[in-house]
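User: I'd like to learn how to read helix packing and sheet layout in a model. Can you walk me through it?

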Amino acid sequence: MAKVIVYPPTSMILSDLVERMGHKALVVPEAVRTLVTAEGIESPPLNVTPEEPKKGLHYAAVDVPSGVRGRMALIGPLIEEAEAAIIVKDPGWLTGCAGCSRTNELVRLLIRTKGIPVLDLAYPTDDAEARVFVQNIKKFLEGLK
Amino acid sequence: MIRIAQLSCGAEYSGIQKEIERAAETVGATIIFPEVSLEDILSVEKTFGVSVASGDLNMAMARAVRIVQNPDLADAVIVMTCFRCAEAAIIRSEIRKFIHEHSRIPVLSYSFTERTTAETLLTRMEALVTTVKYRGLLARERQKGLTAGVDSGSTTTKAVVMRDNEVVGTGWVPTTEVIKSAEDAYEAALKQAGVRREEIQALGVTGYGRFLVGKHFEAKLVQEEITVNSKGAVFLADSQAGPATVIDIGGMDNKAISVQDGIPGGFTMGGICAGASGRFLELTARRLGVDITELGKLALRGNYQNVTMNSYCIVFGTQSLVNSLSMGCKPEDVAMAACHSVAEQVYEQQLQEVEVKEPVIMVGGTSLIEGLPKAMEQLLKVKVLVPKHAQYIGAVGAALLVSGLLED
């Protein structure tokens, strides 16, 4: 079983495909769940506190907007943990969205520079493309130990 | 309950959402998020005029469109995005303009960091709520009866006594102990007006020390300085009808307020850099060996372009001024360079966030440093008004507004 990060990092569709193939999907909702269920923290809706943008300094400088660093506090550790990645280009918001384009750019960069196997895919626009899309993911995941 | 619609990007990931909600709750408001559909978000290019790469900004724009289409959804709007995000800064400004142009809903625009707290937002939220809640009171154009106002500022405390729409007494003291300074300023105003304290029918207070001073005097009105100063400014400048822009460069913060018929429509408050405050001019006056009251007149004779300013900072900017003096620059050029530096920073960082419409009224103690309104005129390329009693603006606004609470 490999730990696979998906991009967009909020995509439940991609996460589901990874899990079905017997791997562990690294996605933001998991990181948010940890925060939400942690005792003594109460900063709805995501339970992100001003501490998270400070943790995000590990991934981005202080002159990077706090919203990017706060997001990176959740996504950065997932990238560190990842052993493989699936990146979907121009995914459309229904596939999942971090909300911030600067965060998206930084996430893609950090994944690519990590040196792990990466599957690059274009977002399917019709039924036939969708089938090929799923087959490619399946083949990539089967190749992972 | 006043409903403030939050149109934002990054607030929850900056960990400040709870602070925003706490500030709203403190001033009797609740934060709402207008519902939008995916279709609304996907069509912002058509409905708003642009779509951008960041999804949350597109959602904020879709929410702005929704509010304009259904003004009953919210009483006020707060547009908030991350500090230092260029994409967000453009959209934040455009959302503010969009709502301003297409509705009468007051808008507050703010860029935050993870250090933004409820306290930072409180005065701004209070002003937003006041413009909604006390619209009738803010529409008051004449002061009636015998009322007084106290403005407990960070640097100076001001007081006025007004009778039948005229300022009849003033008091101005440096702020040391908040209550003692307020007592001294009030006493001076009463003495000049020739009235006893018990004759005053109502007292209004504003400024940083308003809660403490308000409690001490059992004031009838305790109000933040944005709405009070707007009112005082348009009253003194005789510009109560139509649009106006009020600029107040204070000792500790600056305010730029876009006013319509005496009511703030949009405003910004800056309070991060001392280089954009009266404090910078105080230091310059001290370095030049002139009294602060003389600095403005000296500046009017100078040319800022003869001095190279490398920084707006109160430390490094002052260093530039000192260097210029040592290289033979004239004191009047240095005085004007200091005024220009303060005005330019306010112009660049705050006036871009409000609709600058004439008349432009400069108020507060710094407006009496003649070089400062002159520098602002040069930057804005419009005439800047400095009304009589400009330094008492908050106290006048408080005395005027509190008269609206008197029984007829």
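**Reading a helix pair, then a sheet**

Analyst: Let's start with two helices of chain A: the axes of α2(A) (residues 28-37) and α4(A) (residues 66-81) come within 9 Å and cross at roughly 120 degrees. Keep in mind that this is a predicted model.

User: Which residues of α2(A) and α4(A) meet?

Analyst: On the α2(A) side you'll find V28(A), A31(A) and V32(A), and they meet L74(A), I75(A) and L78(A) of α4(A). Sorted by class, that contact has six nonpolar residues, with no polar and no charged ones.

User: Now the sheet: in what order do the strands of chain A run?

Analyst: Read across the open sheet and you get β2-β1-β3-β4 in chain A, four strands with parallel pairing. The edges are β2 (24-26) and β4 (118-122) of chain A, each pairing on one side only. From one strand to the next, the twist averages 25 degrees.

User: How many bridges join β1(A) to β2(A)?

Analyst: Three bridges link β1 (residues 3-7) of chain A with β2(A), and the two run parallel. As for partners, K3(A) bridges to K24(A) in β2(A).

User: Which helix lies across β1, β2 and β3 of chain A?

Analyst: That's α1(A), residues 12-20, running at about 160 degrees to β1(A).

Note on methods:
Residues numbered from 1 in each chain as written. Chains lettered and ligands numbered in written order. Predicted model: local features only at pLDDT ≥ 70, side-chain atom pairs only at ≥ 80, totals over all residues. Pairing = 2+ DSSP bridges. Axes fitted to C-alpha atoms, helices over the stretch in contact; angles between N-to-C directions. Contact = placed C-beta atoms within 7 Å. Nonpolar A, V, L, I, M, F, W, Y, C, P; charged D, E, K, R; others polar.
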